[in-house]
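Hi,

Here is the model I said I would pass on. Have a look at it first, and my notes follow below.

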Amino acid sequence: MNQLHILGRRLWIFSVWSLVTFFIVNLLAMIATVITSSTATRWLRSWLPDAYTFKWYLSAWSEFQLDDVLVTTFQVVFAVVALSGLFGVPAAYAMARRDFPGKNIAMLLFLLPMLVPPVTFGIPLATVLYQTGLGGTMAGVILANLVPTVPFVILVMIPFIEQIDPKIESAARVFGASTFQLFWRILLPLLLPGMLAALLLVLVRTIAMFELTFLTSGPTSQTLVVALYYAVFAAGVRAVQSIDAMAVIYMAITVIWLIIALRFVNPAQIVTRAKQQPSAH
Amino acid sequence: MGHKHQTGLKVRLAARGLDGVTLLIIPSLLLMIGLFIYPFLYGLWLSFHPKDGSFLGNYARFFADPFLYETINKTLWIAMPATLINILFAVPVAFRVRLMQNQRWLTTLLVLPITLGTVLVAEGMLNYLGPQGWFNRTIMLLGLTAGPVKLVHNYWGVMLSLIITGFPFTFLLILSYVTGIDPALENAGKTLGARATSRFRHIFLPLLIPGLAITFCLSFVQAFSVFPSAVLLGAPAGPTRVISIAAYQAAFEEYDYSMASSIAMIMGFVQLGIVVAVLAVRGLFYRGPAVGGKG
C-alpha cells in the first residue's frame, strides 16, 4: 500500500515536470521557428530551409520603414519612461510618507487602471483623444501609455520608499540641508535602485504595449509592435520571411531590455509586484 | 493675529497629513482623473447619446443584433476555459516549483512570452503550428495523426495563445501566493501524519482560496479582453469574433464612437459582474492570515 503511494507520488511529480517541459520546449521551438524562417531563402514542405540568407532583414527594413518606426518607438518609450518617473515617484513618496484623508480613494484610483484591461478603457480614451485632436499623434500615444505606467511606478515605489528610514531625512534637516539638498544628496541616491527597477519594467512593458498604442496611433505614430501587427494582419502581401525578420528585430529589442531589467529585478516582479497589491487588504 | 491664525491652520492641516509633501500626489491624481476617469465617464455619457438620438438606442441595438450580442458568449466561451485551464495547470506546477532552490531560470523563461506580447506569439504560432510547421511535422512523424491538425485560424488558435501568454502570468501570480504560505503549517500537518493530498486539501487549499480568487479575476479579465490574437490566430468573422473586435470595428471602421463606447461599457460590466461574483463566492471561504501564529 505504501509502495503504491510512493509510486503514485513519483508518477505525479513526473507528470507535472513533463507538463512544464512540454510547455517550455514548445515555447522555445516557436521562437526558433521565427528566427529560422527569417533567415530562410525558401522554406516549404521541409523540416529546415533549403538555404540561408540575411537579405530579408534588409528588405524588411525598407518595406516596413523600420528606421522611422524604430525612431518613433524609442521616442514614445523614453518619453513614457521619463514622464512615468516624474509623475509616479513624487506621488509614491507622498503615498508612502503621509496619511491623509482620501488616501484609500487615491489608492483605488491608481489600482483601477492596472486592473481594467487596456482594450476596455482604451476605446473611450481613444475617443476622447480623437476629439481633442491628439488621436493619431505621438503625444496621444504617450498620454495613453501613461495610464497604466504611472500607477505601476507608484505601486512599485510605495513599498520601496516605506522601507527607507525617515530618520535619515530628519537627520539631514537637523544638519541644515535645504529641501533641494535633501532631495539631491539624500533622497535621490536612496531612491535610485527602486526607480531604476520600476522604470526598466515600464520600458519593457511599453515596448510590448500593443492595445493602447494600436487604438491611439496614426500612420506616423506607430510603434514597432503595432507595425508588426499590421504586417502579420496583411500577411500574404509581403513574404513571410520579411515579417519574421521584423519579428526578430522586435524580439531582439525586447529581450535586450528584458535582460538588462532582470539584472535589477526578480523576473516574477514583472507580473506580481503590482498585481499583488489588491490582495493586501 | 492673522499670521498666528495662518500657522494654526497649517499645523492643523499637517496634523491631518496635509502638507507640502502630500501635494506631490496632485499631478498624478490629475493625470489619472483626466486620462482614466474622465474618458470612462465621457464614454458612459456618450453611450447614452447614440446617432439616432434615443436614450438606450445603442444598447437596444446591441442586444437585438445576434452579430453583436453573441460576441459576449463567444468571448466567454474562449476566456472561461482558458482561465480555468491556466489555473488548473498552474497550481500543481507552483507546488513543485515552490520546493526548488533556484527558481530564477524557470521564471525567466516563463516571463519571456509575457514580455514578448501577444502579437509576437501570434506570428510565432502561425509559423510553428501551421500545417507545415514543426509541431504538425513532429506529431505526424510520431504517427499521432495522419494529416496535419488545424490549430490556427480557428477557436483553438486563440485558446492556445491565451494559454501561452496566460499560463505564465497565472503561474507567477499563484507561485507568489503559494510561497507566501508559512511552510511551518505544512510541517505541522506532516508531523501529525497527513499525506500530501490531505495536506493540500485541508491546509493549503483553504489558505489559497483568496489568492486563487484574485488570480482568477485578473486572468479572466485579461482573457476576456483578448484582441490581437483573436484577429490574427482566430476566425475574426466567425467563432472568435470577440467583444473587443466588435468595439474596435464600431469605433474605427464605422466611426460610431457612441456605439463603440456602449460596447466598451458592456465589456466592462460583464468583466465587473464576473469579478464581483467570484469575490462574493470567495467571501464564503476562510479569510485569515496565511502564516502561523504563536497563539
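Before the contacts, one term: a salt bridge here is a side-chain nitrogen of Lys or Arg within 4 Å of a carboxyl oxygen of Asp or Glu. Arg98(A) and Asp19(B) make one, with 3.0 Å between the closest N and O atoms. The count of salt bridges between chain B and chain A is 1.

Some housekeeping. This is a predicted model, in which local features need pLDDT of at least 70 and side-chain atom pairs count only at pLDDT 80 or more, while totals for chains, interfaces and linings use all residues. Residues are numbered from 1 along each chain as its sequence is written, chains are lettered from A and ligands numbered from 1 in the order in which they are written, and side-chain values use heavy atoms, with hydrogens and water left out.

On confidence, pLDDT is the predictor's confidence in each residue, from 0 to 100. Chain B averages 88, and 94% of its residues score at least 70. Within chain B, helix H2 (residues 26-47) has the highest confidence at 95, and helix H1 (residues 2-15) the lowest, at a mean of 70. Helices (H or I, at least four residues) and strands (E, at least two) are DSSP runs, numbered from the N terminus.

Now the interface. Taking contact as heavy atoms within 4.5 Å, 95 residues of chain A and 90 residues of chain B take part. The buried area (accessible area, 1.4 Å probe, that two parts lose on being put together, summed over both) is about 8,200 Å², and carbon and sulfur atoms give 79% of that. On the chain B side, Phe36(B), Arg96(B) and Trp134(B) lose the most area to chain A, together 9% of what that side buries.

There are also 12 residue pairs in polar contact between the two chains, both residues at pLDDT 80 or more. A polar contact is a pair of N or O atoms within 3.5 Å; within protein, one must be able to donate a hydrogen and the other to accept it, and residues adjacent in sequence count only if both atoms are side-chain atoms. Helix H5 (residues 104-128) of chain B gives the most to the side of chain B that touches chain A, with 22 residues.

Which residues does Thr107(B) contact, leaving aside neighbours within four places in sequence? They are Pro267(A), Leu172(B) and Leu175(B). Thr107(B) sits in helix H5 of chain B, and a polar atom of its side chain lies 3.0 Å from the backbone oxygen of Arg104(B). Thr107(B) counts as buried because its relative accessible area is 3% (buried is under 20%, exposed over 50%, partly exposed in between; 1.4 Å probe, protein chains only).

Pro113(A), in helix H4 (residues 103-115) of chain A, is buried as well, at 2%. Leaving aside neighbours within four places in sequence, its contacts include Pro151(A), Met32(B) and Phe36(B).

Thr149(A) belongs to helix H6 (residues 138-162) of chain A and is buried at 5%. Its side chain reaches the backbone oxygen of Asn145(A) at 3.1 Å.

Lastly, helix H11 (residues 243-252) of chain B is mostly covered, with 9 of its 10 residues buried; among them are Ile243(B), Tyr248(B) and Phe252(B).

Cheers
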